[in-house]
Each structure stands twice: as structure tokens, then as C-alpha cells.
Amino acid sequence: MSTLGAYFRLARVGWVLMREGVIESLPAEGLPPMVAFGKSAASLLARRRSKSQQRSDRLAKAVARLGPSYVKIGQFLATRPDVVGADLAEDLAGLQDRMDFFPIEASRAAIEGSLGRPVEELFTRLDPPVAAASIAQVHPGEVITADGPRKVAVKVIRPGVRRRFSADLEAMYLVAWLQERFLPHTRRLRPVEVTRALEQTTKVEMDLRLEAAALSEIAENTKDDPGFRVPAVDWERTGRDVVTMEWIDGIKMSNVEALKAAGHDLDALADTLIQSFLRHTLRDGFFHADMHPGNLFVDPTGMIVAVDMGISGRLGKKERRFLAEILYGFITRDYVRVAEVHFEAGYVPSHHNVASFAQAIRAIGEPIHGQPAETISMGRLLTLLFEVTELFEMETRPELVMLQKTMVVVEGVARILNPRFNMWKAADPVVSKWIRDNLGPRRIATDLKDGVKAAVRLAEALPEIATKTEKLHSELMHMSENGLRFDPETAEAIGKAEARHTRWGRLALWIIAAALVAIAIQMG
Ligand SMILES: Nc1ncnc2c1ncn2[C@@H]1O[C@H](COP(=O)(O)OP(=O)(O)O)[C@@H](O)[C@H]1O
Ligand SMILES: [Mg+2]
């Protein structure tokens with residue numbers, strides 16, 4: 001596709017966003033007068049009926065008009081509050097990925113094209129679709145196995161979506177490039193890199209062999225785990241445009257009433273869900289990153305069965321250890337440790353003061369311990385933590401942001417199941433076990449009881465960790481000498497950094513919006 005085509009596409013995006021009143025609803029406080037002017041100009045062109053709508057509704061309308069790629073772009077930007085700001089990220093996260101079905105004939109053609117065999121030879125039955133989203137739709141089907149007929153789920157890529165997406169992506173690259181070229185001071189937001197990340201995740205999502213591989217990997221990881229599994233993949237009927245898997249006969253977690261009626265233990269399900277998620281992240285470093293209740297079934301035996309692994313996340317050893325220590329630190333209220341792991345991991349530049357950092361973390365952790373358990377959110381805690389770490393110049397780590405977003409979702413599901421859900425109690429066995437198994441010899445760990453003392457004694461027993469304790473000790477000495485306080489300078493610096501951050505986020509939005517509007521006007 002030509003660059004001119006990309007300009008045309010942008011013009012259309014700008015026009016739709018303006019007409020649906022999205023541009024008008026972007027925050028503009030603290031930005032140059034030009035932006036305010038642009039905003040009023042855009043509001044003149046907005047449809048009158050958009051005026052009475054919430055921004056989330058305006059976004060939904062605009063995305064529905066723009067097409068499937070934009071749902072994906074919206075969902076992706078929802079995971080980047082560092083780029084679009086927390087508010088807008090929240091609205092974008094609410095975008096529903098439900099679309100009209102495409103004809104079964106198109107599915108049959110895609111299956112035959114991808115697998116090189118006629119549908120009749122592959123399946124004894126292929127039924128009309130039961131669910132459709134921007135990238136794919138799912139048909140129930142049936143195959144003959146050695147043990148007789150077996151029901152399967154057949155997920156097929158939406159025709160033309162790959163081509164369309166690459167064209168839309170070209171338009172996004174153009175915006176990113178224009179931004180970097182003409183507004184060099186906004187390069188900090190790395191628009192081209194952000195676009196590349198979007199391209200990468202979506203490419204993965206649009207190759208169903210990769211979804212099948214993700215299912216198979218997580219199946220292997222969890223084969224001995226209690227209460228959680230994923231559908232088995234039928235590799236013979238899987239290709240780039242189609243994945244076939246075991247059909248799950250179960251109740252969706254979004255249907256709490258039905259779960260109750262079927263006699264499932266909802267409290268136990270909530271615990272299992274969180275524990276499974278933590279096991280996947282901490283132990284395996286590989287997690288399902290789209291765990292909303294529509295993707296989670298409970299089968300008749302009470303097992304949680306997760307489907308839809310188009311998006312998954314990976315954490316390296318270092319990140320896992322970082323996460324475990326942070327959670328454990330919060331559970332045991334060891335804020336200095338939490339602060340230290342940030343420095344040890346090299347996430348926070350060493351010129352910062354560990355003690356001040358620990359203090360900021362304490363400010364997040366302490367209020368939590370005074371609250372009733374059911375109101376304490378681990379996902380929210382990580383959200384706050386990342387906000388604070390940013391003030392201390394911690395670079396955004398996309399994999400950690402993904403984890404934090406997923407945790408918010410998983411925890412939300414657990415709370416729907418059990419409104420009195422105690423996240424910390426549910427997490428403790430998994431986190432503590434991981435700490436015991438990974439940060440110290442099992443032998444010592446088994447001799448000790450859980451809790452803070454265990455962690456301290458464990459640390460003392462290990463020479464490697466002992467040096468760290470020494471460091472901690474000197475840190476503590478330093479703190480006791482220099483005091484632990486938020487002096488006016490620190491407070492002011494943080495205030496400034498915060499203001500700068502919100503402004504950057506907003507500015508970026510406006511640059512994108514202005515580019516779109518400018519192009520729209522020129523093309524018009
Ligand atoms: N293995 C399965 N067994 C039964 N139903 C399934 C299965 N896989 C998907 N579905 C149904 O199809 C819907 C869409 O599939 P999903 O993989 O979540 O795709 P999407 O990416 O479109 O959300 C699911 O919400 C579920 O209702
Ligand atoms: Mg789904």
C-alpha cells in the first residue's frame with residue numbers, strides 16, 4: 001500500500017474521531033493554547049448527538065465505525081497508560097471485542113486454504129458460529145477419533161483481517177513517524193516502538209498456530225496442578241488460519257448464578273483462580289494475558305478451563321523473582337526489601353536513595369494493611385507501585401505492565417465469585433512456596449515456619465543473601481543517621497515529575513489528534 005493510501009486512512013480516522021466527539025473529549029488542561037483551539041474546532045465538527053455521551057460510548061461508536069483493527073489498537077493502547085494516560089486507558093479497556101458473524105462459507109474456505117484438505121474430510125460436522133470478535137470466530141464441530149465422535153471448537157480467522165490490519169498499521173506508523181520527525185521532543189514516548197509492539201502482539205494473535213502452541217505450552221506446565229486446565233489442541237486440524245481444540249462443556253465464570261445453581265464452590269474457585277495465575281507467572285514465567293470471565297469456564301468436575309490464548313505474557317527469571325519479592329515484601333510489610341529489589345534488579349537508577357524509595361513504598365503498603373481484606377487489591381497495589389516507581393525513574397517494563405493489567409482482571413473475576421475474597425491470603429501459599437523453593441535451600445526452608453522470621457533467618461543462612469543483609473544493614477544505619485523523611489525538596493521534585501508526566505501523556509494525545517485533524521482538513 002502506498003503512503004498516500006496511509007494518508008487517506010488517517011484522514012478517515014481523524015474524521016470519524018472528530019465526528020463521534022472523541023477528540024473533543026480528550027483532556028487538554030495544561031497544554032498550549034493551540035490545543036485548546038484545536039479542541040474547540042473539533043467540537044464544532046462533532047455530531048450533535050455525541051455531545052450527550054460519555055467518552056467511553058463515543059470511543060465505542062468511533063471504533064465500531066472504523067473497524068476491527070481499531071478495536072485491537074484501542075485494546076493495545078489500554079495497556080499503555082504511560083502513553084495515553086490512565087483515564088483514557090481505562091475507557092479504552094472497556095471496548096468490547098464483539099462483532100458480527102462472517103458467513104460459514106468463508107470459514108470453510110479459510111479452513112481448506114489453511115489445511116489443504118476439504119472440510120468434509122476433516123470434520124464430520126461444522127456448525128454455525130457461536131461467537132465472533134475482531135480477529136476470529138468460533139464454530140462448534142465434530143470429529144471422529146479412535147474412541148468415537150468428539151465435539152470440538154474450531155476458531156477461524158476473519159477473512160481479510162490480516163491485510164486490513166497491515167494497512168491500518170501503516171497509517172499508525174505514519175503518525176508515529178510524523179510525530180518523531182516534527183516533534184522531536186516527544187520522542188521520549190517512543191511512538192514508533194509502541195507501534196512496533198502493537199504490530200508484534202497482533203501478528204501473534206493472527207497466527208492461530210501460535211495460539212495453539214500457547215495452549216499446549218500452558219497445558220504442559222499445568223498438567224499436575226489442581227483445579228486448572230486448558231483445552232487440548234487438535235494439531236491435525238490446526239494451521240495459520242484455524243485452530244481446533246477440545247470443546248469445553250462448562251459454565252462461564254461471567255455467569256455466577258449458573259455456577260451457584262450447579263453447586264460449585266465459588267470461594268474455592270476464586271482461590272484456585274488466583275493461585276493458578278500466580279503459579280503460571282512465578283513458577284512458569286508464562287501466563288494467559290486475557291483472563292476475563294468470558295474466557296474462563298468451569299467444567300462439571302469443578303475445574304477451571306481457560307480458553308482464548310491469543311495473548312500471553314512472559315516473565316524472565318529476573319522479573320519473576322522481582323515480582324515474588326515485591327508481593328512477599330508487601331505481605332510481610334518489609335518495605336525496605338521491596339525497595340531494595342528494585343535497585344538490585346537495576347530498575348531504579350542507583351543515584352536514588354533506597355530509604356526514600358522504601359518510604360514511598362511504605363506509603364502504598366501501610367494503608368492497605370489497615371483495611372479489611374476484601375477491599376485490598378493486589379492489582380491495584382501494583383498499579384500504585386508502578387506509579388511511584390516512575391517517579392523514581394523506573395523505566396516502563398511492558399511485560400510487567402501486562403502482568404499488572406492481567407492481575408487487575410483476574411482479581412476482579414475472583415471478587416465477582418467471592419465478594420469477601422482475601423487476595424493476600426489466597427496468594428500467600430503460592431508466593432511463600434516460591435520464595436522458599438527459589439531463594440533458599442529447601443532443607444532450611446522446611447525447618448522454618450512461614451512468615452517474616454523465616455525470610456530473615458533464611459537470608460542469614462545464605463552467604464549470598466547475607467551480603468545483601470549486610471547491605472541492608474548499612475542502609476538501615478544510613479537511614480537512622482540521616483533520618484527517613486520527605487523533605488520539601490524531594491516532595492517538590494516528585495510533584496514536578498508527576499506534573500510533567502501527565503502533561504506528556506496529554507501532549508502525546510493531542511499531537512496524534514492534531515495530526516489526524518490536519519490531514520483530514522487537507523484531504524477534505
Ligand atoms: N474450546 C472451547 N469450547 C467451548 N467454547 C469455546 C471454546 N473456545 C472458544 N469457545 C467459545 O467461543 C468464544 C470465543 O472464543 P475465544 O477463543 O475467546 O475468541 P475471541 O478471541 O474471539 O474472544 C468463547 O468466549 C467461548 O464462548
Ligand atoms: Mg475470548
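## Basis

The model is predicted: local features need pLDDT of at least 70, side-chain atom pairs count only at pLDDT 80 or more, and totals for chains, interfaces and linings use all residues. Residues are numbered from 1 along each chain as its sequence is written, chains are lettered from A and ligands numbered from 1 in the order in which they are written, and side-chain values use heavy atoms, with hydrogens and water left out.

## Overall make-up

The protein chain holds 23 helices and twelve strands. Both are DSSP runs numbered from the N terminus: helices are H or I with at least four residues, strands are E with at least two. Of the 524 residues, 50% are buried. Buried means under 20% relative accessible area, exposed over 50%, and partly exposed in between, with a 1.4 Å probe and protein chains only.

Contact means heavy atoms within 4.5 Å. Among contacts with a separation of 6 or more, 69% join residues 24 or more positions apart.

## Strand S4 and its partners

Seven of the ten residues of strand S4 (residues 148–157) are buried, so S4 is largely enclosed by the rest of the structure. S4 pairs with strand S3 (residues 136–145) in the antiparallel sense over ten bridges. Two strands pair if DSSP finds at least two bridges between them. S3 and S4 form a hairpin, with two residues between them. Glu 142 stands opposite Lys 151 in S4.

S4 also pairs with strand S7 (residues 242–246), antiparallel over five bridges. Here Val 156 stands opposite Val 242 in S7.

## The four-stranded sheet

An open sheet of four strands runs in the order S5-S11-S10-S8, with mixed pairing. Its edge strands are S5 (228–229) and S8 (251–252), each pairing on one side only. S5 and S11 pair in the parallel sense over two bridges. Phe 228 has Ile 304 in S11 as its bridge partner. Helix H13 (residues 266–284) packs on the sheet and touches S5, S10 and S11; its direction makes about 45° with that of S11.

## Two helix contacts

Helix H1 (residues 3–19) packs against helix H9 (residues 161–182) at about 85°, with axes 9 Å apart. Axes are lines fitted to C-alpha atoms, for helices over the stretch in contact, and angles run from 0 to 180 degrees between N-to-C directions. H1 and H9 are therefore roughly perpendicular. Angles under 35 degrees count as roughly parallel, over 145 as roughly antiparallel, 65 to 115 as roughly perpendicular and the rest as oblique. Contact residues include Tyr 7 and Leu 10 of H1 and Leu 174 and Leu 178 of H9. By class there are eight nonpolar, one polar and four charged residues. Ala, Val, Leu, Ile, Met, Phe, Trp, Tyr, Cys and Pro count as nonpolar, Asp, Glu, Lys and Arg as charged, and the others, Gly among them, as polar.

The axes of helix H14 (residues 317–331) and helix H17 (residues 378–391) come within 12 Å and cross at roughly 110°. Leu 323, Ile 326, Leu 327 and Phe 330 of H14 meet Met 378, Leu 381, Leu 382 and Leu 385 of H17. This contact has eight nonpolar, no polar and no charged residues.

## Magnesium site

The protein donors of the magnesium ion (ligand 2) are Asn 295 (OD1) and Asp 308 (OD), lying 2.2 Å from it. Asn 295 is in the loop between strands S9 (286–288) and S10 (296–298), and Asp 308 in the loop between S11 (304–306) and S12 (312–314), so the pair ties together parts 13 residues apart in sequence. Donors are N, O and S atoms within 2.8 Å of the metal (3.2 Å for Na, K and Ca); water is not among the atoms, so sites may look incomplete.

Asn 295 is buried at 5% relative accessible area. Asp 308 is partly exposed at 21%.
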